[in-house]
Amino acid sequence: MTSNGRGEAELVERAQAGDRDALESLLRAQYDRLHALCWRMTGNEADAADATQEALIAITRGLPRFDARARFGTWCYRVAVNACLDELRRRKRRPEPVGAERLAATMPPSAGATEAVADRMVVDEALRTITPEFRVTVVLRDLCGLEYSEIAEVLDVPIGTVRSRLARGRGALADRLGNQATTGDRPRPDDD
């Protein structure tokens with residue numbers, strides 16, 4: 001059974017009825033996407049793993065209340081964004097790793113890496129310097145590939161706010177990267 005379209009809806013229904021195998025299939029299907037989002041939002045593997053774990057727990061706990069008004073994957077992104085923001089707030093209260101410990105914490109996971117490690121580290125470092133509201137918008141659009149309407153749903157903001165945050169986030173990211181192009185994607189009037 002697939003985890004998209006009707007197959008996903010059936011899995012959700014079964015999981016809501018208490019089918020543990022269906023729940024595991026749903027979580028497994030979402031894991032890589034959620035972890036990638038958490039990695040880009042938090043900037044290091046330890047925090048990404050914590051945020052991903054918290055997101056999966058929140059998804060499991062919230063599944064009985066999921067009403068399918070949004071796509072399941074979109075709802076999962078919303079839960080993961082909230083877990084990341086919580087993790088970033090917790091991180092402010094923890095000491096920052098230094099030296100080799102910090103370098104190890106900033107190394108991206110090896111699975112699925114398509115960019116050169118050095119380039120990813122530069123982009124990840126730049127992402128960490130922009131505010132979370134802009135960072136999450138850039139990550140959801142440029143790295144996760146969500147449509148503007150999906151981002152608006154995940155963040156519970158109007159599409160105009162998504163466009164504004166994306167423009168400001170890309171601008172801040174470009175400034176940090178020395179005005180190198182961050183993406184070739186520009187908002188289009190019909191892109192919603």
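Biologist: How much accessible surface does the protein have, and what share of this surface belongs to carbon and sulfur atoms?

Modeller: This is a predicted model, and every value here is computed from it. The accessible surface comes to about 10400 Å², and carbon and sulfur atoms account for 51% of this area.

Biologist: Which kinds of element make up the protein, helices or strands?

Modeller: There are nine helices and zero strands. Read from the N terminus on, the order is α-α-α-α-α-α-α-α-α.

Biologist: What percentage of the residues count as buried?

Modeller: The protein has 192 residues, and 42% of them count as buried.

Biologist: Where do nonpolar side chains tend to be in soluble globular proteins?

Modeller: They tend to be buried together. In this model, the largest nonpolar core has 49 residues. Those with the most contacts inside this core are Leu37, Ile59, Leu63, Phe72, Trp75, Leu140 and Leu155.

Biologist: Which helix gives the most to this core?

Modeller: H4 does, with 10 residues. Several helices each supply at least two residues of the core, among them H1, helix H2 (20-42) and helix H9 (159-176).

Biologist: Is Glu8 buried or exposed?

Modeller: Buried means under 20% relative accessible area. Glu8 has 12%, so Glu8 is buried. This residue is found in helix H1, which covers residues 5-16.

Biologist: Apply that to Val162. Why does Val162 count as buried?

Modeller: Val162 counts as buried because its relative accessibility is 0%. Val162 is found in helix H9.

Biologist: Which residues does Val162 touch, not counting residues up to four places away in sequence?

Modeller: Val162 touches Thr137, Tyr148, Ile151, Ala152 and Val157. A distance can also be read between Val162 and Glu133: these residues are 29 apart along the chain, and their C-alpha atoms are separated by 9.7 Å.

Note on methods: Residues are numbered from 1 along each chain as its sequence is written. This is a predicted model: local features need pLDDT of at least 70, side-chain atom pairs count only at pLDDT 80 or more; totals for chains, interfaces and linings use all residues. Side-chain values use heavy atoms; hydrogens and water are left out. Helices (H or I, at least four residues) and strands (E, at least two) are DSSP runs, numbered from the N terminus. Buried means under 20% relative accessible area, exposed over 50%, partly exposed in between (1.4 Å probe, protein chains only). Accessible areas come from the Shrake-Rupley method with a 1.4 Å probe; for residues, only the protein chains shown count as cover. A nonpolar core is a set of buried Ala, Val, Leu, Ile, Met, Phe, Trp, Tyr and Cys residues joined through side-chain atoms within 4.5 Å. Contact means heavy atoms within 4.5 Å.
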